[in-house]
Amino acid sequence: MPTEYGAVAIWAVIVVLGVATFSIRSSFVFLLGRIDDLPDRARNALRFVPPAVFAALTLPAIVAPEGSIAIAGNLRLVAGVVAAAVAWYVDDILATIVAGMVALWVLRFGLGLG
């Protein structure tokens, strides 16, 4: 894809953004290594980071598998609901993954819906 920017400008932007990203991420590692006692408010906020990242990574693949939101006929959404129900009652990651995959496979291959 041709652009009106030169190779040097593009590489400069890539390097500057890479350094900025690295600086932001390493600052947290540096600060948390220097702080002996993390405030309770920060500790409570950090507890929600893994579920938020997991939801941000998986929800688009479940709700919009073809690039647009699909509710009717979306087998991944049904399997995701089954997995969420299992996670709610069992509280076991492996059981959640297995239940979601089995539900998707049964819908797709067992019932021939996919």
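I looked up Thr-96 to begin with: Thr-96 touches Ala-83, Val-86 and Ala-87, leaving out residues up to four places away in sequence. Contact here means heavy atoms within 4.5 Å. Thr-96 lies in helix H5. Thr-96 is buried, at a relative accessible area of 17%. Buried means under 20% relative accessible area, with a 1.4 Å probe and protein chains only.

I noted the basis. The model is predicted, with local features needing pLDDT of at least 70 and side-chain atom pairs pLDDT 80 or more, while totals for chains, interfaces and linings use all residues. Residues are numbered from 1 along each chain as its sequence is written, and side-chain values use heavy atoms, without hydrogens and water.

Next I checked the helix pair. The axes of H4 (residues 75-90) and H5 (residues 93-110) come within 8 Å and cross at roughly 150 degrees. H4 and H5 are therefore roughly antiparallel, a term for angles over 145 degrees. The contact includes Val-82, Ala-83 and Val-86 of H4 and Thr-96, Ala-99 and Gly-100 of H5. Its residues divide into 13 nonpolar, two polar and two charged.

Then I looked at the whole chain. I found five helices and zero strands; helices are DSSP runs (H or I) of at least four residues, strands (E) of at least two. The radius of gyration, taken over C-alpha atoms, is 21 Å, whereas a compact globule of 114 residues would have one near 13 Å. That globule rule is 2.2 Å times the number of residues to the power 0.38. The C-alpha atoms fill a box of roughly 55 × 50 × 20 Å along the principal axes. Of the 114 residues, 10% count as buried.

Key. Axes fitted to C-alpha atoms, helices over the stretch in contact; angles between N-to-C directions. Parallel < 35°, antiparallel > 145°, perpendicular 65-115°, else oblique. Nonpolar A, V, L, I, M, F, W, Y, C, P; charged D, E, K, R; others polar. Buried < 20%, exposed > 50% of the residue type's maximum accessible area, 1.4 Å probe, protein only.
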